[in-house]
Amino acid sequence: TFCCWHWECAMGFDCFRVSHEKDGTGTAVYEHAAKWRLNMLTRLECVFAVTYFAEGIQRVGVTYLRTALQHGTGKSMRYIQAANNVLPEFGSALWVLKPAVCFIVETRGVGAGPVMLFAAAVCAACWLALAFSDFSSPETLPLLLTAACSLAAGSVDALVDSSVAKMGRTVDSATSTRYLCERARVAGTILVGCVACFFKLETFSALGIAGCGWVVCTAALLRVKDGCPPCRKQQQKVEVGAQVVLVCCLGIAICGCPTPDLFLYRQKVLGFDASSQTMLSMVSTASWIAGVSFYTSILARGSSWTAVLRGVLLVWILQPLVSTWVVATESINGAIFERAFCDFSKAVTFMPVNVLMQLVSPSGCEGTGFALMQMTGSLASVLGKNFDYQIQVQWGVTPETMHRAVAPIAVAGFLRLGVALCLV
């Protein structure tokens, strides 16, 4: 009797066949396949860790990049808002293209490995080019480089999240895999953030380190790809069910509300420079992992999804109140607490929504489904940020009059309260 086993690497890098004539028990074949799969899972976890570690380093670079783009003469609120829309982070206008990348990879037989390598290399090149850019005036080139960097980083993030979604098909596995990714990202942020604060790095050095982080990520992806057999191209039919639509609506409702962002307020009113903002970013990163751990260790243990969502929405609606208090009192210690509480509330909201996205992703096209749901949240976040910008314009808030931001933040708080009441 002749039998074949077909194993496909979850990264989409490769697939291969093990063909063997059975002996009495078939033990040799099963042992070979099991060892290979264990090896590939280890490689995938390394890819997750390295990629998210690079994203953590990038987070420090984004802090310096954002400070540089907002600092200088002749920069209006419109220019600052345009820069915020293309930063390489969640909520970027370019990240709405993530589903297109996953769709091409999963349905058109394009290998994920080459796409990830190319995107990581482009991201590294853009960060290194930004390190040599002139931010003193409102130039177009830094915005274009930032947009290219955002698109490349979003492509890598989409394909890695595709693999995370394929591995996490149960509540426990989805939560643990996501927890691994978040810990790697936090490690990169804290490590480079400590270096930036201790040595008081300039913008050139910080952006260069972010580029080097993506260079290391590119090398790691190249190493994994070289160790894998060639891929057999497949085509999958993408089906979107009612559960996917419901989770998308949840993401739109949460991400679409205006989020008070005190970055410019801390810079203009409280006098935070890039180094101080980076130190605050480390505080927020610690709060983020605390929120992720709180969800993983407490909220996700034996609680129903209804109870979990009600709990996280309660924390979510408190953030505008804290931001209003900080702007009203102009307290530096309050600003530190506000940033920590902001990221804690984001983390406890982010985890259940992303776990739900992983669980309801259509089988066979997990990456496209997961990226589609993230796209709706990212698009809603872009619209929410621009809505917040319009509210600030109506109240006459400019880079020089950030102390007037109390009223726009209060409006955002009332909107959040209304959305939370509707969801509950």
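Reader: Is K200 buried or exposed?
Author: The relative accessibility of K200 is 59%. Buried means under 20% relative accessible area, exposed over 50%, and partly exposed in between, with a 1.4 Å probe and protein chains only. K200 therefore counts as exposed.

Reader: Where does K200 lie?
Author: This is a predicted model, in which local features need pLDDT of at least 70, side-chain atom pairs count only at pLDDT 80 or more, and totals for chains, interfaces and linings use all residues. Residues are numbered from 1 along each chain as its sequence is written, and side-chain values use heavy atoms, without hydrogens and water. Helices (H or I, at least four residues) and strands (E, at least two) are DSSP runs, numbered from the N terminus. K200 sits in the loop between α6 (171–199) and α7 (203–226).

Reader: What is the phi of K200?
Author: Most residues other than glycine have a negative phi. K200 is not glycine, yet its phi is positive, near 50°.

Reader: Which residue follows α12, and what is its phi?
Author: The loop between α12 and α13 holds E330. E330 is partly exposed, with a relative accessible area of 44%. This residue follows α12 and has a positive phi, near 55°.

Reader: Which helices do the buried residues of α12 pack against?
Author: Helix α12 covers residues 319–329. Its buried residues are Q319, P320, V322, S323, T324, V326 and V327. Contact means heavy atoms within 4.5 Å. The partners are α9 (263–268), α11 (305–316), α13 and α15 (406–423).

Reader: How are α8 and α13 oriented to each other?
Author: Axes are lines fitted to C-alpha atoms, for helices over the stretch in contact, with angles from 0 to 180 degrees between N-to-C directions. The axes of α8 (residues 242–255) and α13 (residues 332–360) come within 9 Å and cross at roughly 160°. Angles under 35 degrees count as roughly parallel, over 145 as roughly antiparallel, 65 to 115 as roughly perpendicular and the rest as oblique. The two helices are therefore roughly antiparallel.

Reader: What classes of residue make the contact of α8 with α13?
Author: Q243, V244, V247, L250 and I254 in α8 meet T349, V353, L356, M357 and V360 in α13. Ala, Val, Leu, Ile, Met, Phe, Trp, Tyr, Cys and Pro count as nonpolar, Asp, Glu, Lys and Arg as charged, and the others, Gly among them, as polar. The tally is eight nonpolar, two polar and no charged residues.

Reader: How are α3 and α5 oriented to each other?
Author: The axes of α3 (residues 98–107) and α5 (residues 141–167) come within 9 Å and cross at roughly 60°. α3 and α5 are therefore oblique.

Reader: What classes of residue make the contact of α3 with α5?
Author: From α3 come K98, V101, C102, V105 and E106. From α5 come G154, S155, D157, A158, L159, D161, S162 and K166. They divide into five nonpolar, three polar and five charged.

Reader: Which residues does S133 touch?
Author: S133 is in the loop between α4 (112–131) and α5. At 18% relative accessibility, S133 counts as buried. Leaving out residues up to four places away in sequence, S133 touches P142 and L145.

Reader: How far apart in space are S133 and F204?
Author: In sequence they are 71 residues apart. C-alpha to C-alpha, the distance is 8.6 Å.

Reader: What share of the protein chain is buried?
Author: The chain has 15 helices and two strands. It counts 424 residues. The buried share is 53%.
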